[in-house]
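Biologist: I would like to learn how to read a model of this kind, one feature at a time. Could we begin with how strands pair?

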Amino acid sequence: MFIRPRSMTFGRPGFIYVVVLIISFVIVIGISTYFTSMRQGRLLAYRSLHGDYAAVLAKAGLSMSQACLAEASRDPSSPIYKALVQPLETYMASGRARIDVGPRIDLSSMFSNIVDRISTDLPRGRSSVAELSAQFYIVPSQLVPLPALTVGPAKVINRSGGEKMGRIFVECTATVSFHAFDTRVSRTLAGFYEFRVVHCPIPILSDFTLFVRESAGLFNTVEAGDTGLQNGGQPAVVLGNGAKELQSRTADMLNLESLKKQGWVYLGGQNEIVLNLTYSMDETASPSQVGEDFHFYQQNPSSLAAGRAVVDPAQKVLANRHLPNPFWEVRNWDMGVNLLKDGALKAQYEEVFRGTSSGYRLGSQLKLLGAPPERVSPTLVFGPVSAGFFRIVAAAPANPANSSFDAYFSVLKDPASPSDPAKNFARDYYDELQPYLGKLLYLYDPYKSGKYMYYDTSVLGGLLEYAKGTAKSDYLKLCAGFRTRNYNQALLHLKTRNEIPNPLSHAREFGIPESLFTDPPTSPNRSTLPAALLPSAWADLGDLDLSKLNLKDMVEPLRRAACWTVPKSMSTESYLIAERRLSGEELDLGTMICSDSPLTLPALTKVRRGGIILAPSITLQGAVPAADRGILVLVAYQGTIQLPQAPVHASLVATNGAVVANGPLDVTGNIVAQRLDLGTSGGSSPGKLDYDAAKLKNRSFEIGPSGQVSDTFVIDFSRRVTRIQ
Amino acid sequence: MEAVTRQTRGFSFVELGIAILILALTIVPILDLLQGGVKGTAQSLYLSRAFQAARSVADSIYSCPWSSLDDATVKTLASKIEVPDGCSRPRVDSIQLITSSLPNGSVLETKVATIRVGWVKTEGKDKTGEVVLTAAVSLAR
């Protein structure tokens, strides 16, 4: 049987193409789908890889960002600096909220050389890095104040102003693009640096030009001869407590606001301390004029009470109370020193001193007062201090008026010790020596006379006897030797141009607490800080008893505030050198360092940035110039601070020891110490301690209306960023 | 017996040849694409492994204090990294120090360490490549 092949119904022309196309389509679709999914996977993998590249780059950026902090810490006008020194309270309301600090920083342009280098091996080189930037921010809840300073019973300085410690966060974003048309891939990493803001002048302590708890005897006594200060003797120290001004202008400086900017002086301890300070009529600025610049002014002929001869009515009453008719007039001279060789009164001096040695003529006893006028600046003195302007009080017949001038010369030679009236020669031997007393006092014993000389104008150097002068009881009472006025009161005299016998009532007009000016100077109130002179932030410290301020108690909080601690295995100098803060004769501190090993600082020719160094003891081997920025604070917390025979610009604090001058003191800054040891080989020049008002006056932190901030803050931070997730 | 003709087969050999050609032209590139995709995926795998090794070295470098970062240290660090399959042991070029002086006087010293990790296999064929990663650790003074 023949079977006819069945005609294939699908055997139409082109059928095979349809089948092939269908198969091809299915294959293409399937493989494309598979390929696409693989490609997506790869793209994801590459994107992840690129993201990792970006993350590594961001990590480098985080590390580099510390340079932005380093730069900002040197620039008080930078947004970061300003933000970090803001008082804590300004942030407290923000709690945990993030506060951006300054604008986003373009690290790739700031550190182009580094970015060029680290992008060398990327597929497109430098073009691969589309962005590398950093944004700093702070979280207020991560800020805390520095350890509080306990300065006395129930008196604590909360350092919550500009000072603080905490974390500053940084967010670093890196964006890479490895192909021209690729999507950019970004990664942002965040981290933080620990930081501290420390105000270099130490609170309260920096308010003092001089703060000493104990004196090694009479402070500021002077051994002087006819050629000036004596070699081998104890040198004098001239205190400048703030802005220097000619005497004629200092009178206008005494008010509450100017006092707030001045240094204070606290001379505590057991010993009676004599702080001699005076001014001159000859207003010259030469340091060599110290102690030799006084020119005696009798009085203004047209106004007898003017000038320096101030009539003291109260004393006049005392001097005349035994007489039926007032005879004596008591005048006060605020004295300086004069060579007595030249000047308008040269002829008179020669007359007076004829036959005496040149040494006497120099009036060396007055040199211990020495301070030319530009060194006088209003300040306040705390503590049991006999301090102030040297005052000669002399009684003379009221008529003729210029007889008081003669009386002045009678008492001129008397440096009787105010601390030991028993040595008063005139009182002890008056009866026996009365006929010769004036001459004796004048020629042979210029160290034993009394304060009041009842001068017989008819006899050169002669004194009137009791009967003609005053009652013996009054005389003895008045014969107390020379005295220095209450220093603060002397300022009032200056303020009132020395024309008002008792200017105390004017204290209130100037807004100054009256208690600061009342006699006696040993009043307990003289050791307390008047609240009126403190910034409002420290109002709680008002009435702080300085005699109870324990410097030692301040050490531990200061140590805990330090930014860096020197490793025990290193010396302080080695550490400073290793950290490149000390290089040869150049110091660039800019931080607060605490060390357990003594510090010996070589002579420096440049101090770029100040800061604080705490060490057990400190020896300065040479000069310390003024810091270009900030102030250098050296704290010896166990032993002494040894000073060189060279100028030192620093705030020196010896909490448990002495500041030892190994030559004439020459410090611009301030001194706080248990003792000030001036030594005995001061040479023939007086020492000087000038309050560095420009650096130390910042008792309260403020940002000025134009945004300026003090450069006396140091901002330092950890050099390693801590990553956060 | 009737001869098998195009009518009985339903298609001619010419048509079949053309169809096979079309199929080949379609499938071969697709297969090549597929192979390329597989190879790329494998490559990205080894690349990723190499990169992770390099990044591990970079991370250990970043965790190292700046002062103790030197050639010997980074070599030690690199030697401690577990080498993934298909990758070579990480190598670190000599550290390069870049010093940047900034306007306010601070100085940024950056130690740059270039880490290289090679990968050696792709789909059974020997092929080498290298991941290069750069770590930069800075210290500001």
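Modeller: In this predicted model, strand 26 and strand 28 (residues 648–661) of chain A pair in the parallel sense over four bridges. Within strand 28 of chain A, V653(A) stands opposite V635(A).

Biologist: How many bridges join strand 24 of chain A to strand 26 of chain A?

Modeller: Seven bridges join them, and strand 24 (residues 606–615) of chain A runs parallel to strand 26 of chain A. One residue pair to look up is I612(A), whose bridge partner in strand 26 of chain A is V633(A).

Biologist: Why is strand 26 of chain A described as largely enclosed by the rest of the structure?

Modeller: Burial is judged by counting C-beta atoms around a residue, with 20 or more others within 10 Å as the threshold for buried. Strand 26 of chain A covers residues 627–636, and nine of its ten residues are buried, so the strand is largely enclosed by the rest of the structure.

Biologist: Next, nonpolar cores. Which residues touch the most other members of the largest nonpolar core?

Modeller: The general idea is that nonpolar side chains tend to be buried together in soluble globular proteins. Here the largest nonpolar core has 168 residues, and I61(B) and A135(B) touch the most other members. Domain 1 (18–199) and domain 2 (557–680 + 706–715) of chain A both give residues to this core, so it lies between them.

Biologist: With which residues is A135(B) in contact, leaving aside its neighbours within four places in sequence?

Modeller: From chain A, the contacts of A135(B) are V56(A) and A60(A). From chain B, they are A58(B), I61(B), Y62(B), A113(B) and I115(B).

Biologist: How do the two domains of chain A meet?

Modeller: The centres of domain 1 and domain 2 of chain A, taken over C-alpha atoms, are separated by 37 Å. In the contact, 16 residues of domain 1 of chain A meet 14 residues of domain 2 of chain A. On the domain 1 side, helix 3 (79–84) and strand 6 (185–199) of chain A are the elements that give two or more residues. Strand 6 of chain A supplies the largest share, five residues. By class, that side has eleven nonpolar, three polar and two charged residues.

Biologist: And how should I read the contact between the chains?

Modeller: The size of an interface is often given as the accessible area lost when the parts come together. Here we use residue counts: 49 residues from chain B and 43 residues from chain A take part. The elements giving two or more residues to the chain B side are helix 1 (6–9), helix 2 (13–62), strand 2 (96–101), strand 3 (107–122) and strand 4 (125–140) of chain B. Helix 2 of chain B gives the largest share, 21 residues. The chain B side divides into 26 nonpolar, 18 polar and five charged residues.

Biologist: Last, backbone angles. What is the phi of I204(A)?

Modeller: Most residues other than glycine have a negative phi. I204(A) is not a glycine, yet its phi is positive, about 65°. I204(A) is in the loop between strand 6 and strand 7 (208–215) of chain A.

Biologist: Is I204(A) buried or exposed?

Modeller: I204(A) counts as buried because it has 24 C-beta neighbours inside 10 Å. D543(A), also not a glycine, has a positive phi of about 70°. D543(A) is located in the loop between helix 15 (487–495) and helix 16 (555–560) of chain A. With 13 other C-beta atoms within 10 Å, D543(A) is partly exposed.

Methods. Residues are numbered from 1 along each chain as its sequence is written. Chains are lettered from A and ligands numbered from 1 in the order in which they are written. This is a predicted model: local features need pLDDT of at least 70, side-chain atom pairs count only at pLDDT 80 or more; totals for chains, interfaces and linings use all residues. A residue is buried if 20 or more other C-beta atoms lie within 10 Å of its own, exposed if 12 or fewer, and partly exposed in between; C-beta atoms are placed from the backbone. Two strands pair if DSSP finds at least two bridges between them. A nonpolar core is a set of buried Ala, Val, Leu, Ile, Met, Phe, Trp, Tyr and Cys residues joined through C-beta atoms within 7 Å. Domain bounds come from an automatic or database domain assignment. Two residues are in contact if their C-beta atoms, placed from the backbone, lie within 7 Å. Ala, Val, Leu, Ile, Met, Phe, Trp, Tyr, Cys and Pro count as nonpolar, Asp, Glu, Lys and Arg as charged, and the others, Gly among them, as polar.
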